[in-house]
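Please look over the structure shown here before reading on. The text then leads through it part by part.

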Amino acid sequence: MELTQTSISRRNLLRGAAATALLLPFGMSLASCAAPGGGGGGGGAKGEVTADNPFGVAANTEVDAVIFDGGYGVDYVENAAKIMAGNKGLDGVTAKVSASTKIAQELQPRFVGGNPPDLVDNSGANSIGWNTILDQLEDLSDVLESENLEGKKIADTLFDGVKAPGTFGDKFAALNYVFTTYGLWYSGSLFEENGWEPPTTWQDLKALGEAAKAQGKYLFLWGKEAATYYQTFVVDSAVIQSGDDVRLPLENLEEGCWSHPTLQSILTILHELIAAGYVKPGGGGTQFTQAQSQWSLDQEALLYPSGSWIENEMKKTTAENFQMKGVREMPLDDNATTPAGFMRAEAGEPFIVPSKAKNPAGGKELLRTMLSKEAASAFSKEKLAPTVVKDIVPEDGFGSTALVSQVEMIAAAGTGMFTIKSFNLYGMNSDQLPIWNSFLDGKMSVADITKQLQDLTDKIRNDSSIEKIEIK
């Protein structure tokens, strides 16, 4: 499988805050703020390179790993750490796994001080902006060239396109671990009980909204931190309809990019659905997981747009026999210019190894262990999501209907996949959130939201202090 376009980060756009979350100007490197010499470990002690220790991790050392504690938790890295500790070829190497929900705030001082962790999951609402740390990160190509714990070259065991989301220029600086599909999620049992079919184009939504209203339900709902889930839904749908004609102007911050006719048509339909009362009001004052439980537990709404982490995130607050399923985000109508099955999917949860860490070889070794069949299978079984390691998920999806849906969407897409980079790359999400909360609450017209989103895009394009990266 090849991802034709890929992402800087999986959840940063969709988890309700800026991808950069920086205290520094966008183009400034954290390294530039450090004292001369940096005080970093610079690689630490070295051990003998062997088949079981391809990076030469020194004996009896500890790997310092800081992991974003989001929808997937941190226990999957803890599991990999246990597997690594059992590798006799490493001679006493262990790992300390620390959870964080504020990666930037907690780790910026360590990068500045020259003593960053050995492995970091740079994800979540408060991740570190990529432009500020790229020159301080290891190139991870040697991880893919190494053999996994089963003796196979790691590059040969992964889905195609895994390198692209973490490649900046010529540097492969981040290995994204979780394979994420974006779609519309629904209760299979509720739809079957009512004889409903999931929508295949935006033209289907009005009738489904009417059917929901007849049952005392809504078509959609949202929570304040996740209002931009609907931006993702709208933009992805427009790309599915019109391809690069929509995607590239948005990605490269072009004048008038939000006025593309396909985007305008989809925004108009969404505005009509809101005006018709098919979207539950008040989401701007509702915490996002609370809103999601109104969908998954109380079943107040039929559909919810999200990435495929949604099942694991809500597994403790989902109605019995909900039978969560998903379909791809859909085109405007039946005249899409892209291939059948074309969808947004990407590798996410970007793992990085700082060069000035005390034990960067250990960071790479823990990452190598995470890419083993044993660790990847455990993740998919527990988290109900595929990793970038292929051929791990069985046909029954470990009993998860949502995971089966993900595999089906991936198979239907083949190589026809894309993502959107610019919103994360330029840290736009925090400014986009209030715009989308107002629009979803019926307080904006299509013209209003178009102007505000375009104004934000223009502001970034015209800011000479922000380094622009051409997206192809």
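The paragraphs below treat salt bridges, helices, strands and some single residues in turn.

The model is a predicted one. It holds 15 salt bridges, and a few of them are described here.

Glutamate 138, at 21%, is partly exposed.

Lysine 364 also takes part in a salt bridge with aspartate 142, the N to O distance being 2.8 Å. Aspartate 142 lies in helix α3 and lysine 364 in helix α12, so this contact ties together parts that are 222 residues apart in sequence. Aspartate 142 has a relative accessibility of 32% and counts as partly exposed. Taken together, Glu138, Asp142 and Lys364 are linked in a network of salt bridges.

Another salt bridge joins aspartate 236 to arginine 344, where the closest N and O atoms are 3.4 Å apart. Because aspartate 236 lies in helix α7 (residues 229-242) and arginine 344 in strand β9 (residues 343-352), the pair ties together parts that are 108 residues apart in sequence. Aspartate 236 and arginine 344 are both buried.

Helix α7 itself comes next. How many of its residues are buried? The count is 14 of the 14 residues, so α7 is largely enclosed by the rest of the structure. The length of the helix can be checked as well. At 1.5 Å a residue, the 14 residues of α7 should span 20 Å, and its end C-alpha atoms are 20 Å apart, which agrees. Just after α7, glycine 243 takes a positive phi of about 65°.

Helix packing is the next topic. Two packed helices are described by the angle between their axes and the distance between the axes. For helix α1 (residues 75-85) and helix α13 (residues 373-383), the angle is about 155° and the axes are 10 Å apart. That angle makes α1 roughly antiparallel to α13, as angles over 145 degrees are classed that way. The crossing in which α1 passes α13 is right-handed.

Two loops that involve these helices contain residues with positive phi. In the loop between α1 and β2 (94-100) is aspartate 91, a residue other than glycine whose phi is positive, near 55°. Aspartate 91 has a relative accessible area of 46% and is partly exposed. In the loop between α13 and α14 (401-413) is leucine 384. Although leucine 384 is not a glycine, its phi is positive, at about 60°. Is leucine 384 buried or exposed? At 13% relative accessibility, leucine 384 counts as buried.

The strands β6 and β7 give another view of the fold. Strand β6 (residues 175-187) runs antiparallel to β7, and four bridges join the two. In one of the pairings, leucine 184 has proline 305 of β7 as its bridge partner. Strand β7 (residues 304-307) is covered on both faces. On one side Tyr304 and Ser306 are buried, and on the other Pro305 and Gly307 are buried.

Asparagine 424 is found in helix α15 (residues 422-425), and with a relative accessible area of 3% it is buried. Which distance separates asparagine 424 from glycine 129 in space? Computed along the sequence they are 295 residues apart, yet from C-alpha to C-alpha they are 8.7 Å apart.

Key. Residues numbered from 1 in each chain as written. Predicted model: local features only at pLDDT ≥ 70, side-chain atom pairs only at ≥ 80, totals over all residues. Heavy atoms only, no water. Buried < 20%, exposed > 50% of the residue type's maximum accessible area, 1.4 Å probe, protein only. Pairing = 2+ DSSP bridges. Salt bridge = Lys/Arg side-chain N within 4 Å of Asp/Glu carboxyl O. Expected span 1.5 Å × (residues − 1). Axes fitted to C-alpha atoms, helices over the stretch in contact; angles between N-to-C directions. Parallel < 35°, antiparallel > 145°, perpendicular 65-115°, else oblique. Left-handed = near helix turned anticlockwise from the far one by under 90°.
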